Amino acid sequence: MTRLTGTALRVTIFIGENDTWHHKPLFSEIVHRAHAAGLAGASVFRGIEGFGASSLIHTSRLLSMSEDLPVAIIIVDTKDRVRAFLPELDELVGEGLVILDECEVIRYVGRDKKESA
C-alpha cells in the first residue's frame with residue numbers, strides 16, 4: 001500500500017463529460033492511466049454547472065439543452081510522482097484546464113486487501 005503523508009502535490013483536471021479518448025470517456029482513461037502509473041489515488045467529480053475557455057455555460061438544469069457537464073479529476077501524490085505523470089496529461093487533454101497546487105496530506109488510509117475480499 002502506498003504511504004502518503006505530509007507535503008504532496010494535487011493535480012486537478014477540468015474537462016467535459018463528453019470528452020473522449022479512442023471512443024471511451026476521457027475521465028476514465030485518465031483514472032486508469034493514473035492507476036497504472038501507481039499514483040496514490042484519483043477521483044472524478046461531475047459538476048452541475050460551469051463554463052470554461054469557450055464561455056459556453058453547461059448546466060444540468062431540466063430545461064437546458066446542454067448535456068456536456070463539467071468533470072473534475074483530482075489526483076494527489078508526491079511531487080515527483082505527479083510531475084512524472086504530467087506528460088500523460090499533455091497527451092490526453094486537448095481541451096480543458098490542468099492545475100497543480102501543493103497540499104498537505106493529513107491522513108491516507110486504505111483497507112487491507114483481506115478485508116475487501
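**Close-up views of a predicted α/β model**

Buried residues account for 31% of the 117 residues in the protein. The model is predicted.

View 1. Read from the N terminus, the elements follow the order β-β-β-α-β-β-β-β-α-β-α. Take the contacts between residues at least 6 apart in sequence: 76% of them join residues at least 24 apart. The protein exposes about 8300 Å². Carbon and sulfur atoms supply 53% of that area.

**View 2. Four strands form an open sheet in the order E4-E7-E1-E8.** The pairing is antiparallel. E4 and E8 are the edge strands, each pairing on one side only. From one strand to the next, the twist averages 20°. H1 packs on this sheet and touches E1, E4 and E7. The direction of H1 makes about 5° with that of E7.

**View 3. Strand E1 (6-16) is joined to E8 by 9 bridges and to E7 by 8 bridges.** E1 and E8 run antiparallel. So which residue in E8 is the bridge partner of Ala 8? The partner is Cys 103. Further along, Thr 12 stands opposite Ile 99 in E8. E1 and E7 also run antiparallel. Here Leu 9 stands opposite Asp 77 in E7. In a regular strand, side chains alternate between the two faces of the sheet.

**View 4. Helix H1 (26-36) buries Leu 26, Ser 28, Glu 29, Ile 30, Arg 33 and Ala 34.** The list of buried residues includes Glu 29 and Arg 33. An α-helix has 3.6 residues a turn, so residues three or four places apart point the same way. The buried residues of H1 pack against several strands: E1, E2, strand E3 (24-25), strand E4 (42-46) and E7. They also pack against helix H2. After H1 comes Gly 38, with a positive phi near 80°.

**View 5. Helix H2 spans residues 79-92 and bends at Leu 86.** H2 has 14 residues. From its first C-alpha to its last, H2 reaches 20 Å, close to the 20 Å expected at 1.5 Å a residue. The bend at Leu 86 is about 30°. A proline, Pro 87, follows within four residues. Leu 86 is also one of the buried residues of H2.

**View 6. The buried residues of H2 are Val 82, Phe 85, Leu 86, Leu 89 and Leu 92.** What do these residues pack against? Their partners are strand E1, strand E2 (20-21), helix H1, strand E7 (70-77) and strand E8 (97-105). H2 lies across E1, E7 and E8. H2 runs at about 20° to E1.

**View 7. Gly 94 sits in the loop between H2 and E8.** Is Gly 94 buried or exposed? Gly 94 is exposed, because its relative accessible area is 76%, and exposed means over 50%. Gly 94 and Ile 15 are 79 residues apart in sequence. In space they are 9.2 Å apart, C-alpha to C-alpha.

How values were computed: Residues are numbered from 1 along each chain as its sequence is written. This is a predicted model: local features need pLDDT of at least 70, side-chain atom pairs count only at pLDDT 80 or more; totals for chains, interfaces and linings use all residues. Side-chain values use heavy atoms; hydrogens and water are left out. Helices (H or I, at least four residues) and strands (E, at least two) are DSSP runs, numbered from the N terminus. The expected span of a helix is 1.5 Å times one less than its number of residues. The bend at a residue is the angle between axes fitted to the seven residues ending there and the seven starting there. Buried means under 20% relative accessible area, exposed over 50%, partly exposed in between (1.4 Å probe, protein chains only). Contact means heavy atoms within 4.5 Å. Accessible areas come from the Shrake-Rupley method with a 1.4 Å probe; for residues, only the protein chains shown count as cover. Two strands pair if DSSP finds at least two bridges between them. Axes are lines fitted to C-alpha atoms, for helices over the stretch in contact, and angles run from 0 to 180 degrees between N-to-C directions.
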